[in-house]
Amino acid sequence: MASCAKTLKRVTRKLGMNNPAIICDDVNVDAVILKIRILSFLCSGQICMMVKRLYVHEEIYDEFGEKLMAFVGSLKVGDGTEAGVFFGPVQNSM
């Protein structure tokens with residue numbers, strides 16, 4: 001970054017961190033579960049911007065956990081070419 005700044009070069013940095021989601025106690029749990037679905041599980045979680053850690057306020061921790069587990073349990077795993085499959089294989093058969 002310092003090297004690029006001297007001559008105003010364009011630069012992109014990939015930080016590749018374990019992106020957290022902070023879930024506060026005033027959130028609509030049902031609405032945020034839908035967002036976590038996309039931000040945690042899209043492309044089997046293999047996109048660098050996906051949520052990999054959840055911090056949930058203790059007041060809603062149990063409710064959030066139950067609803068998240070119910071949602072995750074409803075996701076269909078299988079051949080990615082089949083209708084309704086959410087998680088396909090991450091690796092080939094080899």
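The model is predicted: local features need pLDDT of at least 70, side-chain atom pairs count only at pLDDT 80 or more, and totals for chains, interfaces and linings use all residues. Residues are numbered from 1 along each chain as its sequence is written, and side-chain values use heavy atoms, with hydrogens and water left out.

## Overall architecture

Three helices and two strands make up the chain, and from the N terminus on they follow the order α-β-α-β-α. Helices (H or I, at least four residues) and strands (E, at least two) are DSSP runs, numbered from the N terminus.

The chain has 94 residues, of which 20% count as buried. Buried means under 20% relative accessible area, exposed means over 50%, and partly exposed lies in between (1.4 Å probe, protein chains only). The accessible surface of the chain is about 7500 Å², and carbon and sulfur atoms account for 57% of that surface. These areas come from the Shrake-Rupley method with a 1.4 Å probe; for residues, only the protein chains shown count as cover.

Contact means heavy atoms within 4.5 Å. Among contacts in the chain between residues at least 6 apart in sequence, 60% join residues at least 24 apart.

## Salt bridges

A salt bridge is a side-chain nitrogen of Lys or Arg within 4 Å of a carboxyl oxygen of Asp or Glu. The whole structure holds two salt bridges. They are listed below.

| Pair | Distance, N to O |
|---|---|
| Lys67 and Asp30 | 2.9 Å |
| Lys67 and Glu63 | 3.2 Å |

In the salt bridge between Lys67 and Glu63, both residues belong to helix H3 and sit four residues apart, about one turn of the helix. Through shared partners, the salt bridges join Asp30, Glu63 and Lys67 into one network.

The three residues can also be described by their accessibility. Lys67 is partly exposed, with a relative accessible area of 29%. Glu63 is partly exposed at 36%, and Asp30 counts as partly exposed at 46%.

## Surface patches

Patches are made of residues with over 30% relative accessible area and no salt bridge; like charges are joined within 9 Å, and nonpolar side chains (Val, Leu, Ile, Met, Phe, Trp, Tyr) within 5 Å. For charges, Lys and Arg count as positive and Asp and Glu as negative, while His and the chain ends are not counted. The place of a charge is taken as NZ of Lys, CZ of Arg, CG of Asp or CD of Glu.

A surface patch of negative charge consists of Asp25, Asp26, Glu58 and Glu59. Asp26 lies in the loop between strand E1 (19–23) and H2, and it is exposed, with a relative accessible area of 68%. Glu59 is placed in the loop between strand E2 (51–56) and helix H3 (61–73), and at 60% relative accessibility Glu59 counts as exposed. Asp26 and Ile60 are 34 residues apart in sequence, and their C-alpha atoms are 8.7 Å apart in space.

A nonpolar patch on the surface is formed by Ile38, Leu39, Leu42 and Met49, with about 360 Å² of accessible area together. Leu42 is located in the loop between H2 and E2 and counts as partly exposed at 38% relative accessibility.

## The segment after H3

Gly78 belongs to the segment after H3 and counts as partly exposed at 26% relative accessibility. Leaving aside neighbours within four places in sequence, Gly78 is in contact with Val85, Phe87, Gly88 and Pro89. The C-alpha atoms of Gly78 and Gly88 are separated by 5.3 Å, while the two residues are 10 residues apart along the chain.
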